Amino acid sequence: MDLRVTDTPRLEWAGDGLAVGLFEDQVELGGELAALDEKLAGTVKELIEETEFKAKEGSAVSTRVGGNSGIRKIILVGLGKADSLTFEGLRRAGAASAKAAKKERCKTVAVSFPVVNGDAAGSVQAIAEGIELALYQDTRFKSDPEEKGSKIETVELLGFGGQEAAIMRARQIVSGVFLARELVAAPANVVTPVTLAETALAIANEYGLDIQILE
């Protein structure tokens, strides 16, 4: 999956799925959200009303956009109260948007979330971590590892151009999480004490760490 940042405005973005974060006090659309709703022929307002969407933290609803719109699916993600948004809240929102986009069989996805405390790098890292962790699948021991249906190929974080380093940092962190998950989830005959020692040694050698294996 290609995860990247861009300064493309959400009103100009085109693709399979657009995920927009809403605070609890934003469900009555105004400003740019009203402009987006107008562009999508009232689909955003209709989705909010039909699902009684309250924008509670971690919630998400989605629907198809009709007509000749450049966006095929719209996804609304709840961010909770505006004055209590944290990096963890963004991480959960990123996960919710990824799961909804996957359910809607989107291949190209854009995520439009706000910045926490003016920290663009930290916000990008949190969103990226949430997306990557939500989409992770361990198929090593499945007889039929190929997932049927469309897979997300590209995710763009809108309004965060120039934050490529934050994406890299997020991927470094989640790669460690993935390794831990794989070690824990593997059968005992696959990951033995020797395997763990060899894994630790490989990591130490790659990153120049001191290591002592007792047995």
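Two residues are taken to be in contact when heavy atoms of theirs lie within 4.5 Å of each other. The model is a predicted one, so to speak: local features need pLDDT of at least 70 and side-chain atom pairs count only at pLDDT 80 or more, while totals for chains, interfaces and linings use all residues. Residues are numbered from 1 along each chain as its sequence is written, and side-chain values use heavy atoms, with hydrogens and water left out.

Overall, the chain holds six helices and six strands, which are DSSP runs numbered from the N terminus (helices H or I of at least four residues, strands E of at least two). Starting at the N terminus, the elements go β-β-α-α-β-β-α-β-α-β-α-α. Along the principal axes, the C-alpha atoms fill a box of roughly 65 × 40 × 25 Å. Of the 215 residues, 39% are buried, where buried means under 20% relative accessible area, exposed over 50% and partly exposed in between (1.4 Å probe, protein chains only). The accessible surface comes to about 11,900 Å², and carbon and sulfur atoms own 49% of that; such areas come from the Shrake-Rupley method with a 1.4 Å probe, and for residues only the protein chains shown count as cover. Among contacts with a separation of 6 or more, 74% link residues 24 or more positions apart.

The six strands make up an open sheet with mixed pairing, in the order E1-E6-E5-E2-E4-E3; two strands pair if DSSP finds at least two bridges between them. Strand E1 (2–6) and strand E3 (60–64) sit at the edges with a single partner strand each, so one side of each has no neighbour in the sheet. From one strand to the next, the twist averages 20 degrees. Further in, strand E2 (residues 15–22) and strand E4 (residues 71–78) run parallel and are joined by seven bridges, with valine 20 opposite leucine 76 in E4. Helix H5 (residues 164–185) lies across E1 and strand E6 (154–158), at about 150 degrees to E1. Here axes are lines fitted to C-alpha atoms, for helices over the stretch in contact, and angles run from 0 to 180 degrees between N-to-C directions.

What about the inside? The largest nonpolar core has 32 residues, of which Val111, Ile127, Ile131, Val155 and Leu157 touch the most other members. E1, E4, helix H3 (87–103), E5, H4, E6 and H5 each supply at least two residues of this core. A nonpolar core is a set of buried Ala, Val, Leu, Ile, Met, Phe, Trp, Tyr and Cys residues joined through side-chain atoms within 4.5 Å. Not counting residues up to four places away in sequence, valine 155 touches Met1, Asp2, Leu3, Arg4, Val109, Val111 and Ile131. Another core, of 19 residues, lies apart from the largest one and includes Leu22, Leu40, Ile74 and Leu76.

Most residues other than glycine have a negative phi. Alanine 41, in the loop between helix H1 (31–39) and helix H2 (43–51), has a positive phi of about 55 degrees and is exposed, at 71% relative accessible area. Asparagine 117 also has a positive phi, near 55 degrees; this residue is in the loop between strand E5 (108–112) and helix H4 (120–135) and is exposed at 75% relative accessibility.
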